[in-house]
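Please read them with the structure open beside you.

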Amino acid sequence: MAIQTTADQGFIRKFNTAVILDYLRRFSPLSRAELAARAGLNRSTVSIIINNLIEEGFIQETDLQSSKVGRPGMLLTLNPKGGFAVGVEIGVDFISVILTDFIANVLWRERVSSDPGDDQIHILDYATELTQKAIDIGLERGLRPLGIGIGVPGLVDLRQGKLVFAPNLRWSNVPLRLMWSQRFELPIFIENEANAAALGEYYFGVARGKDNFIFLSAGIGLGGGVMIDGKLFRGSSGYAGEIGHMTIDPEGELCGCGKRGCWETKVGPRAVLRRVRKILDDGTPSLIKNFSGDNLDGITFNNVVDAAKSNDAVAMEALKDVGKYLGIGVVNLINIFNPELIVLGGALSLAHEYLLPVIENIVCESSLKPPCEHIKFAASGHETDACVMGAVALVLDDILREPIFLQRVT
Ligand SMILES: [Zn+2]
């Protein structure tokens with residue numbers, strides 16, 4: 001029988017549950033006494049909430065003993081079997097789908113190439129098929145479905161769950177949440193890929209515990225996820241963080257957005273390849289030619305990274321040049337947002353050992369001194385999975401912050 005509560009009691013209970021789940025996510029294993037102490041709640045309140053969460057299968061007791069606070073007792077952790085989440089990334093030239101348990105252990109994954117020239121319907125059909133496959137596998141494992149997160153490379157209207165504009169895909173006004181909802185009766189979250197990736201790093205990556213950081217997502221485009229005081233900064237309409245379209249050179253190359261000289265035209269993997277081809281055109285010897293022969297159009301960004309690892313001068317020069325432009329933009333971001341950490345993500349993170357030192361140097365030389373005194377730099381631990389893991393984080397974030405399942409708790 002459902003307990004009748006007032007709106008206020010219900011809200012407080014939900015809030016306390018979210019607090020307890022969040023402490024367990026960040027610090028588990030914890031005892032009931034430790035949880036009560038950290039959350040500033042009395043033991044009986046904590047016990048009621050814990051018992052409900054155990055009954056719902058979201059947390060579990062372990063047989064380890066605690067010696068930190070109070071009497072030894074059973075310790076609590078989030079229960080991996082609490083359910084499964086599906087993360088989807090629709091990239092410019094790929095689709096990636098990941099199935100995880102409640103603590104983001106990857107249970108299944110698939111990444112396939114796609115062609116941005118392909119029909120939009122065709123790409124979306126394929127993405128929904130992969131989503132269905134992930135759900136089937138989760139159900140076969142006896143787990144309950146918690147939701148689907150979808151990261152996309154463009155501007156997202158969060159309220160309508162709509163992809164408003166994706167310059168590099170040339171898509172506009174795609175009602176993704178509606179399309180996925182028609183097929184899957186689950187909570188569905190649509191988010192810009194850099195924002196999703198930032199959330200993923202905050203939840204289970206290099207930005208854990210960092211409430212003020214900027215995630216740079218550099219693939220074909222360049223996006224940014226800005227975390228301010230533990231919340232993604234979305235701006236008045238949800239379109240904040242389009243850092244790749246800051247104008248760096250008004251006379252520069254045409255960008256996918258229609259403007260000239262955006263930052264992303266100077267710093268993405270495509271910019272590295274352009275730089276490499278220009279140097280090789282002059283007849284400079286390089287290991288990169290071993291990968292492509294005389295066909296310079298066939299060079300990939302991975303080829304350049306591999307060559308740099310063998311100390312190839314051309315590859316290192318191209319990366320250094322792009323690192324310099326990255327640094328110039330990062331200085332501006334540091335002066336505006338005063339973050340404690342800059343995370344380099346997406347394809348460029350594969351070359352972080354060459355790019356980050358250049359960026360750090362430029363930041364030290366050019367930023368105002370106080371904001372850069374304690375700043376740290378890191379490469380995404382998820383490499384090219386940053387967004388799709390972030391899509392999983394969207395689902396878990398919703399459950400942990402808004403434990404709606406309480407409505408059914410008796
Ligand atoms: Zn642009």
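1. Helices H10 and H11 are roughly perpendicular to each other, a label that covers angles of 65 to 115 degrees. The model is a predicted one, in which local features need pLDDT of at least 70 and side-chain atom pairs count only at pLDDT 80 or more, while totals for chains, interfaces and linings use all residues. Residues are numbered from 1 along each chain as its sequence is written.

2. H10 (residues 301-309) packs against H11 (residues 313-337) at about 115°, the axes being 7 Å apart; axes are lines fitted to C-alpha atoms, for helices over the stretch in contact, and angles run from 0 to 180 degrees between N-to-C directions. Val304, Ala307 and Ala308 of H10 meet Ala315, Met316, Ala318 and Leu319 of H11, where contact requires C-beta atoms, placed from the backbone, within 7 Å.

3. An open sheet of 5 strands runs in the order S14-S13-S12-S15-S16 with mixed pairing; strands are DSSP runs of E of at least two residues, helices runs of H or I of at least four, numbered from the N terminus. S14 (231-232) and S16 (376-379) are edge strands, each with a single partner, so one side of each has no neighbour in the sheet.

4. Within that sheet, S12 (residues 213-218) pairs with S15 (residues 341-346) in the parallel sense over 6 bridges, pairing being taken to need at least two DSSP bridges. Phe213 has Leu341 of S15 as its bridge partner. Helix H12 (residues 352-366) packs on the sheet, touching S15 and S16, and its direction makes about 165° with that of S16.

Definitions and conventions. Two residues are in contact if their C-beta atoms, placed from the backbone, lie within 7 Å. Angles under 35 degrees count as roughly parallel, over 145 as roughly antiparallel, 65 to 115 as roughly perpendicular and the rest as oblique.
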